[in-house]
Amino acid sequence: MQELLFVSEKAIFAPPKAIRGGVPLCFPQFGMMGPMPSQHGFARNVAFSVVEQEPWRVKLALEYDGSSQPAFPHPFTLHVIISICDNHLLQELVVLNTGPSPLTFTAALHTYIRVTDIHTAKVRGLSQGRYLDNLAALQQSTQEEEELGFSGEVDRVYLSTPNTIQVIDPSGKRVVTVSKEGFPDAIVWNPWIAKAASMADFGDEEYKVMLCIEPAVAGSGPVTLEPGAEWQGKQDLAYQSSSA
Ligand SMILES: O=P(O)(O)OC[C@H]1O[C@H](O)[C@H](O)[C@@H](O)[C@@H]1O
């Protein structure tokens with residue numbers, strides 16, 4: 001049995017610290033793309049309540065009344081539905097505007113995928129994709145390579161990507177397929193050596209065994225919901241063995 005998701009051995013499980021691994025939920029803001037002063041919003045820093053639970057499925061809720069975050073005074077309800085079926089991990093995010101005025105947000109499922117060796121891992125599906133480069137003040141570039149490999153830090157917001165992106169892990173003889181719906185964009189992130197060393201909740205060597213692929217509403221622009229309106233986005237992570 002191999003793990004699909006990466007969780008750092010140094011992760012801190014004490015809110016309001018976000019957990020370094022799994023799938024932190026960036027909401028109501030991805031990165032600094034929104035009004036909040038701290039990156040990735042606040043949903044990843046608070047406890048959700050369990051509203052439905054079965055052996056293979058859980059539904060979580062965060063009800064926000066608009067009062068605890070001065071930079072984001074807008075009420076909303078978030079539901080996250082997580083289910084496991086065969087070799088699939090499904091996650092659905094449902095946003096409901098419970099306030100009296102339009103709700104504008106960016107978001108991401110900040111998915112930490114475990115890889116066997118980042119030096120041989122590749123990302124398939126983003127060839128000719130336009131991206132904003134977080135390592136170059138969000139300058140826009142295009143990925144010329146057919147498959148993206150890793151030999152240094154990568155932090156890119158790909159714009160309007162195909163809905164299927166694959167992580168090829170030849171050293172582990174496996175492929176993880178990310179299928180997304182509702183999220184136009186996708187972030188690809190690996191901190192590499194220096195950034196790994198600067199993060200207190202991440203091991204110095206752990207950049208070798210993780211890769212974030214993050215379905216997102218980000219560089220393509222935010223979503224705006226009228227009062228009472230709902231938005232849904234989802235991802236399906238599928239694991240397959242491969243000989244390559
Ligand atoms: O350290 P965090 O706030 O969890 O952010 C971790 C990473 O998240 C995303 O992938 C961003 O694109 C990166 O710029 C950031 O470094």
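**Stop 1: Arg44**

Select Arg44, which sits in the loop between E1 and E2. Strand and helix labels follow DSSP: helices (H or I) are runs of at least four residues, strands (E) are runs of at least two, and numbering starts at the N terminus. You are looking at a predicted model, where local features need pLDDT of at least 70, side-chain atom pairs count only at pLDDT 80 or more, and totals for chains, interfaces and linings use all residues. Residue numbers run from 1 along each chain as its sequence is written.

Arg44 has 19 C-beta neighbours inside 10 Å, so it counts as partly exposed. The scale uses C-beta atoms placed from the backbone: 20 or more others within 10 Å is buried, 12 or fewer is exposed, and anything in between is partly exposed. Show Ala18, Pro24, Leu25 and Cys26 next; Arg44 touches these, not counting residues up to four places away in sequence. Contact here requires C-beta atoms, placed from the backbone, within 7 Å of each other.

**Stop 2: the annotated binding site**

UniProt (unreviewed entry) lists Arg20, Gln39 and Arg44 as "binding site". These three are spread over 25 residues of sequence but cluster in space, with a largest C-alpha distance of 14.2 Å. UniProt positions use the numbering adopted here, feature names are shortened, and annotations may be inferred rather than shown by experiment.

Center on Arg20, in the segment before strand E1 (25-26). Arg20 is buried, with 22 other C-beta atoms within 10 Å. Its contacts, leaving aside neighbours within four places in sequence, are Ser8, Lys10, Ala11, Asp201 and Phe202.

**Stop 3**

Which loop holds His110? Look between strand E7 (107-109) and strand E8 (111-114). His110 is buried, with 23 other C-beta atoms within 10 Å. Beyond four places in sequence, His110 is in contact with Val23, Pro24, Cys26, Cys212 and Glu214.

Glu214 lies in strand E17 (residues 210-217). Glu214 is also buried, with 27 other C-beta atoms within 10 Å. Not counting residues up to four places away, Glu214 touches Ala108, Leu109, His110, Thr111, Ala186, Ile187 and Trp189.

**Stop 4: around the ligand**

Now select the shell: Ala18, Gly31, Gln39, His40, Asn134, Asp155, Ile187, Trp189, Cys212 and Glu214. Strand E16 (185-190) and E17 each give two or more residues. Color by type to find four nonpolar, four polar and two charged residues. Ala, Val, Leu, Ile, Met, Phe, Trp, Tyr, Cys and Pro count as nonpolar; Asp, Glu, Lys and Arg as charged; the others, Gly among them, as polar.

**Stop 5: the nine-stranded sheet**

Switch to cartoon. Nine strands form an open antiparallel sheet in the order E2-E3-E4-E5-E19-E15-E14-E9-E12. Strands pair if DSSP finds at least two bridges between them. At the edges are strand E2 (49-54) and strand E12 (147-148), each pairing on one side only.

Start with strand E3 (residues 57-64) and strand E4 (residues 76-85), antiparallel over eight bridges. Tyr64 has Phe76 in E4 as its bridge partner. E4 then pairs with strand E5 (residues 88-97), antiparallel over ten bridges. Find Cys85 opposite His88 in E5.

Move along to strand E9 (residues 122-124) and strand E14 (residues 164-169), which pair in the antiparallel sense over three bridges. Val123 has Val167 in E14 as its partner.

**Stop 6**

Most residues other than glycine have a negative phi, and most peptide bonds are trans.

- Asp86 is exposed, with 6 other C-beta atoms within 10 Å.
- Gln128: this non-glycine has a positive phi of about 65°. Gln128 is in the loop between E9 and strand E10 (130-133), and counts as exposed with 9 C-beta neighbours inside 10 Å.
- Pro15 to Pro16: the peptide bond is cis, with omega near 15°. Pro16 is in the segment before E1.
- Phe27 to Pro28: this bond is also cis, with omega near 0°. Pro28 is in the loop between E1 and E2.

Note on methods:
Contact = placed C-beta atoms within 7 Å. Near = placed C-beta within 6 Å.
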